[in-house]
Structure formats: C-alpha cells, structure tokens
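Student: Can you walk me through this one? I'd like to go over the sheets, the pockets and a few contacts.

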Amino acid sequence: MSILEVKNIHKTFGRTEVLKDINFSLEPGEVVSIIGSSGSGKTTLLRCLNFLETPDVGVISVNDEILFDSANPKTQLESEIRKKRLHFGLVFQNFNLFPQYTALGNVMLAKELLAKEQPDYKTRRKEIHQEIQREAEKLLRQMGLGDRMNNYPHQLSGGQCQRVAIARALALQPDILCFDEPTSALDPELTGEVLKVIKELADQNTTMVIVTHEMAFAKEVAGKVIFMDDGLIVEQGTPEEVFENPTEERTKSFLASYTHL
C-alpha cells in the first residue's frame, strides 16, 4: 500500500503553468529523489505537498486519507491546513531557524505549541515539557549535535544549522520527510555532513522526498528517481533506469552535463 498518492496535480501562477498533470506514489520507507533544472517545478511540487501552495487541480492522499481534492471544497478549508501539514516535515534550503531560540528551542518549539492545545496541558505542563525536551535532545544527539544544543543559530555552521532543521522536522514524527535542495546553501565542505545524515535516515527506512541537485547522492540514496522539466514529470524509475538507461531525450540531455555519472 502506498503511503503517498499524488494524482493529476496542476498549479498555475497567473498565466504560467508550473505543474502539469503530476502523478506519482511513494511506498512506506521509500526515498524518492526529484531532479531537474531550476524552474522545472520541483520546489512548487514540494510546497503543494506541504500545503504551502494550493494546487488548482488534483488529489493528494496519505495512508489512504484524502488530504486534498480540488473537487471537494471541504479539503481546502484553512482550518484543516495545519492538521494536513503534520503528515509532512519540510527542511528548507536556508534552514529557516528562529534566531532567538537555541538549537534545542528550535526543535522543541512546534511540539510545545501543539501541546498547549491538549485538554490536560495545564495540569501536566511540566511533565509534557520534560518529555518534549527529552525527545528533542535525543534527535539532536542523533544529528551529531549533542554538544551544540544550547547554541544559537548564529553560533552554528551552515551544516549544523541544517542538521538542527532536520531534527526540527523529525520532532513532529511526520509520515513523510521532505527536503528542498538541502545542501544548496552550504559550502562544499559542509555538504557531506548533511548528506551523511540524510543517508542514515534512509538506512532507517525513513520515507522521504528529496529535491536535490546532488546527482551522485540522488543515485545512491533513492529507490525512485523523478526527472522534471517544464512542470512535467518526464521520466521516473529506479536510479539505474533513470541515470543509466534514460528513455527520454530531455532526460539524456539533462544528465549529459553530469559526466561523473
């Protein structure tokens, strides 16, 4: 059974059609890498999955639950948006950490805000806070940041900030973890440490959608590769199929610039 089903997604901005009839599925524990040139629609697709953008047409389902259906206005109510986002964790290109919070505070923040909505929060406030803190500390240690928990973002390297952002996304235990060019804002020497963490998550069967320009990494970590161009999914398949035996000319032309593949 697929954990994610994306059907017939279209998205326009003004007169520009950015996504055109996007269809794909994702199995539990599977990693899909989305590749393609800038402007091909990759980031817009991620933003639609995370309900930062609303598709014009299409259906998005997680675990057989329809989260969005353009034919059903009830699935588009603003009051439902936050609950839908909890199915997805999104790691941005530029970290988007809150500068006024420590690494630990950044990881704890969203879960603490959600906890305040629980009916027993006032009576169990201290206990809930301690539980959230323990989980956040565990995640930061998993990211190799056990000695950086009390540092603020300006005291961390770019790679460390991105690892805090990954821990923050994992804190809400999403069904699917999404990455939007997770190394694009990093110096080359810091890229490896972030890719290592993502590879470890893949080895732990974390379900992930990764938009990346790191072709060798996409080939290594993904079970499925999607190549997008001009708002279309031009080709999708295993890394071997897409990278070694592409069938579409646009895919071949794109990959030709990556001679190390």
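Tutor: What follows is a short tour of a predicted model.

Student: Start with the four-stranded sheet. What's the strand order?

Tutor: The order is β2-β1-β4-β5 in an open sheet, and the pairing is antiparallel. The edges are taken by β2 (16-26) and β5 (65-69), each of which pairs on one side only. From one strand to the next, the twist averages 20°.

Student: How many bridges join β1 to β2?

Tutor: Seven, with β1 covering residues 4-13 and the two strands running antiparallel. Within that pairing, I9 stands opposite I22 of β2.

Student: Which helix packs on that sheet?

Tutor: Helix α1, residues 42-49, which touches β1, β2 and β4 (57-62). The direction of α1 makes about 65° with that of β2.

Student: Now the six-stranded sheet. Order and pairing?

Tutor: This open sheet runs β6-β7-β8-β3-β9-β10, with mixed pairing. Strands β6 and β10 (232-237) have a single partner strand each, so one side of each has no neighbour in the sheet. The twist here averages 20° from one strand to the next.

Student: Do β3 and β8 run parallel or antiparallel?

Tutor: Parallel, over four bridges between β3 (residues 31-35) and β8 (residues 208-211). One of the bridge partners is I210 in β8, which pairs with S33.

Student: And which helices pack against this sheet?

Tutor: Helix α1 lies across β3, β6, β7 (176-180), β8 and β9 (224-229), at about 150° to β7. Helix α6 also packs on the sheet, where it touches β3, β7 and β8, and its direction makes about 150° with that of β8.

Student: What about the second largest pocket?

Tutor: Its volume is about 250 Å³. Of its 13 lining residues, E135, L139, L170, A171 and Q173 lie nearest the centre. Two or more residues each come from α3, α4 (125-142) and α5, and α4 gives the most, with seven. The lining of this pocket divides into seven nonpolar, two polar and four charged residues.

Student: Where is K111, and what does K111 touch?

Tutor: K111 is in helix α3. Leaving out residues up to four places away in sequence, K111 touches I132, E135, A171, L172 and Q173. E135, A171 and Q173 are also among the residues nearest the centre of the second largest pocket.

Student: How far is K111 from N150?

Tutor: Their C-alpha atoms are separated by 18 Å, and the two residues are 39 apart along the chain.

Student: Last topic: how many salt bridges are there?

Tutor: A search of the whole structure finds 12. One of them pairs E193 with R163, with the closest N and O atoms 2.8 Å apart. This pair links distant parts of the chain, with E193 in helix α6 (residues 188-203) and R163 in helix α5, 30 residues apart.

Terms used
Residues are numbered from 1 along each chain as its sequence is written. This is a predicted model: local features need pLDDT of at least 70, side-chain atom pairs count only at pLDDT 80 or more; totals for chains, interfaces and linings use all residues. Side-chain values use heavy atoms; hydrogens and water are left out. Two strands pair if DSSP finds at least two bridges between them. Axes are lines fitted to C-alpha atoms, for helices over the stretch in contact, and angles run from 0 to 180 degrees between N-to-C directions. Contact means heavy atoms within 4.5 Å. On a 1 Å grid over the protein atoms alone, a cavity is a set of points where a 1.4 Å probe fits but cannot get out, and a pocket is an open set with protein on both sides within 12 Å along at least five of seven lines; lining residues have an atom within 4 Å of a point. Grid points are joined across faces, edges and corners, and a volume is the space filled by probe spheres set on the points. Ala, Val, Leu, Ile, Met, Phe, Trp, Tyr, Cys and Pro count as nonpolar, Asp, Glu, Lys and Arg as charged, and the others, Gly among them, as polar. A salt bridge is a side-chain nitrogen of Lys or Arg within 4 Å of a carboxyl oxygen of Asp or Glu.
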